[in-house]
Amino acid sequence: MLLLPLLTVFFPSAFAALTYRGVDWSSLLLVEEAADKTYTGIDGNTKPLEQILKNNGVNTVRQRLYNTWADPEHQTTPKAWESYGVDDLATAVQNYTETVMNSFNSADIPIQIVSIGNEITAGLLWPVGDIRTDSGPSNVAKLLHAASAGVKSSYFTPQPKIMIHLDNGWEWSTQQWWYDAVLGESVLTTDDFDMQGVSYYPFYNEEATLDALRTSLTNMKTQYGKDVLVVETNWPQSCPDPEYAFPSDASDIAYTPARQKLWMKNVASAVEDAGGNGVFYWEPAWLDNAALGSSCADNLMFANNGHALKSMEVFGSI
């Protein structure tokens, strides 16, 4: 589950078409601050990371809650739930979600969006929720319907928007197949969610062009009538030996901090063209994980040496 508390800040008018301009900072508390890491802004002064982000135009942060790690290749059911069938698992999901939401509400932490799952193209809570099995689409629909119910039954007023998040956001055929399969079970309905979030990375597939992203998001918005966002993207400042070819429309973008800025500008433009309303950089400050899961050496916006901000002005000047 991903929760996005809103930071109310001024944002330059050049990016005004996007409601959400953000980063995922989920490693901050458990990894970086736990190891006494500090951060320095472009002005050379050490400040809390949240202050540096705010000063550079970020108005929303994305925070994972680690009940398990989840990505396209890992959707493990928590140990306490691993013996459950789909009905008991759905009950556990609804109760857990409601409890978490009420905890945030009690702590007076404002939540704008709740993502019920992270990159769940192959499903969630495997093996029960593995969409690639015969019962997969039905089970995924039940689990997501339960998660949505947990948000709606919480004490939050107003209710946060509910988002479903898949990877490979540039690939319309995948998005269409997934939503049609899950919604086709007549359990999860379009009333259960408000947003469709996608991940979009340039270093996993040469077909992941900006034009493909623009087309996919446009089609999603047209077909399902929801807000669309890129909730994960990043660009390397070092990539000497990429595992895959980059898309053709990114081949002339250098691997530098300055080009991180250009990449974000290009992604933001594609999202805006599609009628979308948000872009998030995935973990710009995870100093102990510079590759960020890619074959590139460094996708961070902060430097490991001195932890100085390299290119976060991207959000303040696009």
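Helix axes here are lines fitted to C-alpha atoms over the stretch in contact, and angles run from 0 to 180 degrees between N-to-C directions. In this predicted model, helix H4 (residues 136-152) packs against helix H5 (residues 172-183) at an angle of about 80 degrees, and the two axes are 8 Å apart. Angles of 65 to 115 degrees count as roughly perpendicular, and H4 and H5 are therefore roughly perpendicular to each other. On the H4 side the contact involves Pro137, Val140, Ala141 and Leu144. On the H5 side these meet Trp178, Ala181 and Val182. By class, the contact of H4 with H5 has 7 nonpolar residues, with no polar and no charged ones.

H4 also holds Gly150. With a relative accessible area of 0%, Gly150 is buried. Leaving aside neighbours within four places in sequence, Gly150 is in contact with Gln94, Thr97 and Glu98. The C-alpha atom of Gly150 is 9.4 Å from that of Thr91, a residue 59 places away along the chain.

The chain as a whole has 8 helices and 12 strands. Its radius of gyration is 19 Å, close to the 20 Å that the globule rule gives for 318 residues, so the chain is as compact as a globular protein of that length. Along the principal axes, the C-alpha atoms fill a box of roughly 55 × 45 × 35 Å. Of the 318 residues, 54% are buried. Among contacts between residues at least 6 apart in sequence, 75% join residues at least 24 apart.

A search of the whole structure finds 1 disulfide, formed by Cys239 and Cys296 with their sulfur atoms 2.1 Å apart. Cys239 is in the loop between strand E11 (227-233) and helix H7 (257-273), whereas Cys296 is in the loop between strand E12 (278-282) and helix H8 (314-317); the two are 57 residues apart. The torsion about the S-S bond is about -65 degrees, so the disulfide is left-handed. Buried means under 20% relative accessible area; Cys239, at 5%, therefore counts as buried, and so does Cys296, at 2%.

At 12% relative accessibility, Lys226 counts as buried. Apart from neighbours within four places in sequence, Lys226 is in contact with Thr190, Phe193, Asp194, Met195, Gln196 and Lys221. Of these, Met195 is 31 residues from Lys226 along the chain, with 5.2 Å between their C-alpha atoms.

Some details of the backbone remain. Most residues other than glycine have a negative phi, and most peptide bonds are trans. A cis peptide bond joins Trp126 and Pro127, with omega about 0 degrees. Pro127 is in the loop between strand E8 (113-115) and H4. The peptide bond from Thr157 to Pro158 is also cis, with omega near 0 degrees, and Pro158 is in the loop between H4 and strand E9 (161-166).

Positive phi values occur at Asp36, at about 65 degrees, and at Glu283, near 50 degrees; neither residue is a glycine. Asp36 is in the loop between helix H1 (27-32) and strand E3 (39-40), and at 67% relative accessibility it counts as exposed. Glu283 is in the loop between E12 and H8, and with a relative accessible area of 1% it is buried.

Definitions and conventions: Residues numbered from 1 in each chain as written. Predicted model: local features only at pLDDT ≥ 70, side-chain atom pairs only at ≥ 80, totals over all residues. Heavy atoms only, no water. Disulfide = S-S within 2.5 Å. Helix = DSSP H or I, 4+ residues; strand = E, 2+ residues; numbered from the N terminus. Buried < 20%, exposed > 50% of the residue type's maximum accessible area, 1.4 Å probe, protein only. Parallel < 35°, antiparallel > 145°, perpendicular 65-115°, else oblique. Contact = heavy atoms within 4.5 Å. Nonpolar A, V, L, I, M, F, W, Y, C, P; charged D, E, K, R; others polar. Rg over C-alpha atoms; globule rule 2.2 N^0.38 Å.
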